[in-house]
Amino acid sequence: MTEVLLRGGRPWGLEGPADVLVRDGVIAGVGAGADASRARVVDVSGQLVLPGLVEAHCHLDKTLYGGPWIPHSADDTLAGRMSNDLGRRAELGVPSVERVIALLERMSAFGTTHVRTHTDVDPAVGLRGVEAVRQAAETLSGRLSVTQVAFPQHGLLTNPGTADLLEEALKSGVEAIGGLDPAGIDRDPVRHLDAVFELAEAYGAHIDIHLHDGGSLGMWELELIAERTAVTGLGGRVTVSHAYAMGQADEARQSRLAEKLAAAGVAIATAAVYSFPVPAVKVLRAAGVTVACGHDGIRDLWGPYGSGDMLERAMHLAYRSTFRRDEDIELALEAATYGGARALGLSGYGLAVGDRADLVVVPAGGAAEAVVVHPPRTLVMKEGVIL
Ligand SMILES: [Zn+2]
């Protein structure tokens, strides 16, 4: 039996300080009174105790992290970034197990304990990305857990052979099936969703669809996804990433869409990068929609930015959402923790007795300060082990 007592910290959500007792990888007590006579005691007085941070949308397979600086070489269009990715990844040794490991180590040091990553699957790269990410994740399995989305980055219907490879990825154990702009890239949203939802149903997989399409086209696709999710009963297992169209719509349309997403059980994941539209976090949360957060690309052929720090990412989400009040900024932290956990379908996540002891301690007085300052982490724990 191994026991750790985090003494004097303030678990997020509680009004005052409370000790957290961890026994055999699980939270065994919160507050005074627990028998901790055999525990290793760590004093975290005055610091904020959070559940492990959840990176809900990234692209580990693409990263150049840990290698030399590579100047960005794509033009300023989505098509240009896609062709830059296809044209240069072999030359730059992408995917690289070593670089994925380097990035995961960085994420872990920042307190991330769960990662969902979209891995390119197409006839050119095959399943090499899936295998590289799997190998890296196994190497670091004691520090964070990684689930993959088999992602048709270069088209599904429009890129022959991709659907079969996506199925191969799911057969090999990949946890989720991805989609990409069913109209804007794949030109046939109904057939695109047919393919994605059929694979999800056949393999019991989650769904996570990149949706950059804007305006009324994107809003219509969001409605299609909500309707399809309701019909198939896959609520709670479907995420739409980016959903720029929702950030562009007026508030009345945002609210109507949020009600539909909530009723169907569709989550929204956002990265809040560059000047791309950010879905309306407050409208979504008020309707009961799960909102998750991630970096998207981290130092790759799509762009040079990204640190792997989910508190910093939450700051970007809060800033892009023009959140100033503590209770609003806290919504961004919710997306980087509980929201991500719900989107990923994690069980035993949180700060309650019986939850898995995936914890991060931050020298901050509260959630808003942790997000705005995102200071160095004091302690990171995965399943009861201090890292
Ligand atoms: Zn992405």
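Which residues coordinate the zinc ion? The legends below take up this site and then other views of the chain.

**View 1. The zinc site of the predicted model.** The zinc ion is coordinated at 2.1 Å by His57 (NE2), His59 (NE2), His210 (NE2) and Asp296 (OD), where donors are N, O and S atoms within 2.8 Å of the metal (3.2 Å for Na, K and Ca) and water is not among the atoms, so sites may look incomplete. This is a predicted model, in which local features need pLDDT of at least 70 and side-chain atom pairs count only at pLDDT 80 or more, while totals for chains, interfaces and linings use all residues. Residues are numbered from 1 along each chain as its sequence is written, and side-chain values use heavy atoms, with hydrogens and water left out. Along the sequence, the spacing of the donor residues is H-x1-H-x150-H-x85-D. Both histidine 57 and histidine 59 are buried, a term for under 20% relative accessible area, with exposed meaning over 50% and partly exposed in between (1.4 Å probe, protein chains only).

View 2. Five strands, in the order S2-S6-S15-S16-S17, form an open sheet with mixed pairing. Strand S2 (10-11) and strand S17 (385-386) stand at the edges with a single partner strand each, so one side of each has no neighbour in the sheet. Strands here are DSSP runs (E, at least two residues), as helices are (H or I, at least four), numbered from the N terminus, and two strands pair if DSSP finds at least two bridges between them. Strand S16 (residues 379-382) and S17 run antiparallel and are joined by two bridges; methionine 381 has isoleucine 386, in S17, as its bridge partner.

**View 3. Glutamate 98 on helix H2.** Glutamate 98 lies in helix H2, which spans residues 97-109, and is exposed, with a relative accessible area of 58%. Between glutamate 98 and histidine 114 there are 19 Å in space, C-alpha to C-alpha, and the two are 16 residues apart in sequence.

View 4. Beyond its neighbours within four places in sequence, methionine 246 is in contact (heavy atoms within 4.5 Å) with residues including Met219, Leu222, Gln254 and Pro279.
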